[in-house]
Amino acid sequence: MKRRKMTAAACCLMITAVLSLSACGGRQAASVVIAGSTSVQPYVEVLAEEYARLRPDSVIDIQGGGSSAGITAVESDTAHIGMSSRNLKESERHLWKAEIAKDGLAIIVHPSNPVENLTRGQLRDVYTADVTNWSQLGGPDARIHIIAREEGSGTRSAFDDLVMAERRIAHGAIVQDSNGAVRQLVADDPYSIGFISLGLVDLGERPVKVVRIDGVAPTRESVLDAEYPLYRSFLFVAKEEPVGPARQFLDFIFSEAGRRLLTDEGLVAEDWIE
């Protein structure tokens, strides 16, 4: 996957409470503010860059902060659209939502690590620190360094739901605030393990190795067919169905060109699912 370079129009990072968000209520504003999941953010930046090329008059302001922050921004009228890489909680289900793509949750280790496959139970035992040495999993005699995302992130929420089964990640985990930071630590540490968005595995100067889960490798096909057990939805959320400039950007995302961009970036992009 090629490294991403943003234009100023596509990623101004200008989310503030003083921005006019009248587009959420049906009147157009000068820009569309999108905030939330750092897993979803790089893909929306790619979409916004292409959209700005096609529509030079458009302004798409993109901000990270995590899935929960994006949902809060929508509810507090500081963003038109929230990005979420976790399912909505019961208290959030009044919000409008659309699935823009599916993503596999990749389990990554250092390329020198000989471990090729883990069961979901073994992975859970690693993250609860019930298993602490790679030799217990067919690897070297070395302590496992577990790397996790921070609580509140969509990636962490997905991992908790799909792997942890109401168990808690061990307090000794090294916590990072982005997928990129997790990937970098794993690429630098021969004894580490981490979890990131599948679409971001190849985004970096140093390689990481993807581990099969229950014998299945995370691929577009295995995510689409639900064979790979660790996958999630990437959602856009809003107070109500977007209109005006926000709706025009959504229409681009669900166009053939938008679907192709997301697919080229490693996601599973199907037709619009509400």
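Of the 274 residues of the protein chain, 53% count as buried, where buried means under 20% relative accessible area, exposed over 50%, and partly exposed in between (1.4 Å probe, protein chains only). This is a predicted model, in which local features need pLDDT of at least 70, side-chain atom pairs count only at pLDDT 80 or more, and totals for chains, interfaces and linings use all residues. Residues are numbered from 1 along each chain as its sequence is written, and side-chain values use heavy atoms, with hydrogens and water left out.

**The chain as a whole**
- The protein chain has eight helices and 10 strands; helices (H or I, at least four residues) and strands (E, at least two) are DSSP runs, numbered from the N terminus.
- Among contacts in the protein chain with a separation of 6 or more, 76% come from residues 24 or more positions apart; contact means heavy atoms within 4.5 Å.

**Aromatic rings**
- You can find six aromatic pairs in the structure. Rings of Phe, Tyr and Trp (its six-membered ring) pair if their centres lie within 6.5 Å; planes under 30 degrees apart count as stacked, over 60 as edge-to-face and the rest as tilted.
- Take Y51 and F252: their ring centres are 5.5 Å apart and their planes are at 45°, so this pair is tilted.
- Because Y51 sits in helix α1 (residues 41-54) and F252 in helix α7 (residues 244-253), the pair ties together parts that are 201 residues apart in sequence.
- Y51 is buried, with 5% relative accessible area, and F252 is buried at 8% relative accessibility.

**Helix α1 meets helix α8**
- The axes of α1 and helix α8 (residues 256-264) come within 10 Å and cross at roughly 140°. Axes are lines fitted to C-alpha atoms, for helices over the stretch in contact, and angles run from 0 to 180 degrees between N-to-C directions.
- This makes α1 oblique to α8: angles under 35 degrees count as roughly parallel, over 145 as roughly antiparallel, 65 to 115 as roughly perpendicular and the rest as oblique.
- On the α1 side, the contact is made by Y43, V46, L47 and E50, and on the α8 side by G258, L261 and L262.

**A proline in a loop**
- P242 lies in the loop between β10 (231-238) and α7, and P242 counts as buried at 9% relative accessibility.
- Leaving aside neighbours within four places in sequence, P242 is in contact with I81, W96, R247 and L250.
- P242 and K97 are 145 residues apart along the chain, and their C-alpha atoms are separated by 9.9 Å.
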